[in-house]
Amino acid sequence: MAPTPFTLSSTTRSWPSAQVTTVRLTGYVDAETWPQLAACLEQALAISAGPYVAVELGPGAELTDAAARQLVRLVLDGAGHTPRLVLTGEWDSPEGAAPGRAEGRSGPRGESEVHDLRANLRTRPLIAQAQGILQERYGLRDAETAFDLLRDSSQQHNVKLRTLASVFLSAPRPADGPLWFPGRTRAPAPELGFAPWLRRSRVPRSAFAEAVLSTALRCVRGTRGLLHIADPLIGPQLEADQGIPDALLDRLTRGPDGAARGPATDAMREGRRVGLTDGLADARLSEETRQALRAAGIGHAWYAPLLSASGESSGVITLYAPAGLVPTETEWKALDLVVAQAGEWLDWHRRTVMLDALEQLHAQGRAHAGKPRG
């Protein structure tokens, strides 16, 4: 069967600090069709109203290794331009290719190349763009110095390097002066009744996510679930999972439940819990995803947004259950309490810990301006 030609769809979201156009890629791209894709991306950059165009590789995206290299190169080469391309998601190998086989090569070397390319698509473009802007903004001597500053701030504040890069890229440019956010008041971490140890400062967000997901599953007697946290550039990103088979997790992590506008995304946008029952019969799930969920023994799914006191959605918990399990009203109330506390903690983390990390970047960038490495 001939591969499906690639298609692009575009949406625009407004975040507090930027407007982001997301271009979603599905279908097959090889060296022959690459020029057509590149032209489409250049057009998206030309008409974007915001400083970023996010390229999301959706379910069913198939890129040969040659096309993947071209895409990574295009993203990296544009690091110093506005608007800029950012990249998220993963791609499938073309149908019929052996697992782990690079185009034109096989064996351990080809497998290593494919692994490296996938890692580049997930992390390298965003981090490289942050390096380039840091270097330009503070007059740093080289990109290695910029990476050192990103890494040090990431480690000091217990945040993922990729998350810090995304927040850095989406934040407003600092004014002249020693502080990026002058006049800001640092608040203490909000109380989490189900995990009091998380009240201490600089706890890893991944540890928080795992504690929230485990507690939420206990509330509804569930054993399987996901927790996505909103990324300021590219939308919900998986932060924790429990009880999901690897093959199913691979499908679900290409966007909440494998859909550009799935029920998890709807729950975040609408700020209310969304439930799928009756055998998961819902048009927002693809038939392939529905079948994969049913094959795993899942008959119900609930999506609970993590909201701040102001109603802003910071993430979403997805809870799965077998067909016969329906939570009681008391269990729903327990879940609502956990979700409310989790939303407040995430909002605090974004407004406090992440801004602390940016302040360190700003201070260290100013301190290293023009200094040689040595």
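Helix H11 has 40 residues, which at 1.5 Å a residue should span 58 Å, and its end C-alpha atoms lie 57 Å apart, in agreement with that expectation; the expected span is 1.5 Å times one less than the number of residues. The model is predicted, so that local features need pLDDT of at least 70 and side-chain atom pairs count only at pLDDT 80 or more, whereas totals for chains, interfaces and linings use all residues. Residues are numbered from 1 along each chain as its sequence is written, and side-chain values use heavy atoms, with hydrogens and water left out.

**Chain overview**

- The chain holds 11 helices and 9 strands, where helices (H or I, at least four residues) and strands (E, at least two) are DSSP runs numbered from the N terminus.
- Of the 374 residues in the chain, 51% are buried, a class that means under 20% relative accessible area, with exposed set at over 50% and partly exposed in between (1.4 Å probe, protein chains only).
- Among contacts in the chain with a separation of 6 or more, 67% come from residues 24 or more positions apart, contact meaning heavy atoms within 4.5 Å.

**Helix H11 and its packing with H5**

- H11 has a kink of about 35° centred on His349, the bend at a residue being the angle between axes fitted to the seven residues ending there and the seven starting there.
- Helix H5 (residues 143-156) packs against H11 (residues 329-368) at an angle of about 145°, with the axes 9 Å apart; axes are lines fitted to C-alpha atoms, for helices over the stretch in contact, and angles run from 0 to 180 degrees between N-to-C directions.
- On the H5 side the contact includes Thr145, Leu149 and Gln156, and on the H11 side it includes Ala357, Leu361 and His368.
- By class, this contact of H5 with H11 has 4 nonpolar, 7 polar and 1 charged residues, with Ala, Val, Leu, Ile, Met, Phe, Trp, Tyr, Cys and Pro counted as nonpolar, Asp, Glu, Lys and Arg as charged, and the others, Gly among them, as polar.

**A buried strand residue**

- Leu87 sits in strand E4 (residues 84-89) and is buried, with a relative accessible area of 1%.
- The C-alpha atoms of Leu87 and Val53 are separated by 8.6 Å, although these residues are 34 residues apart along the chain.

**Positive phi in loops**

- Asn158, in the loop between H5 and helix H6 (161-170), has a positive phi near 55° without being a glycine, and counts as partly exposed at 36% relative accessibility.
- Arg221, in the loop between helix H7 (205-219) and strand E5 (224-231), is likewise not a glycine and has a positive phi of about 60°; Arg221 counts as partly exposed at 45% relative accessibility.
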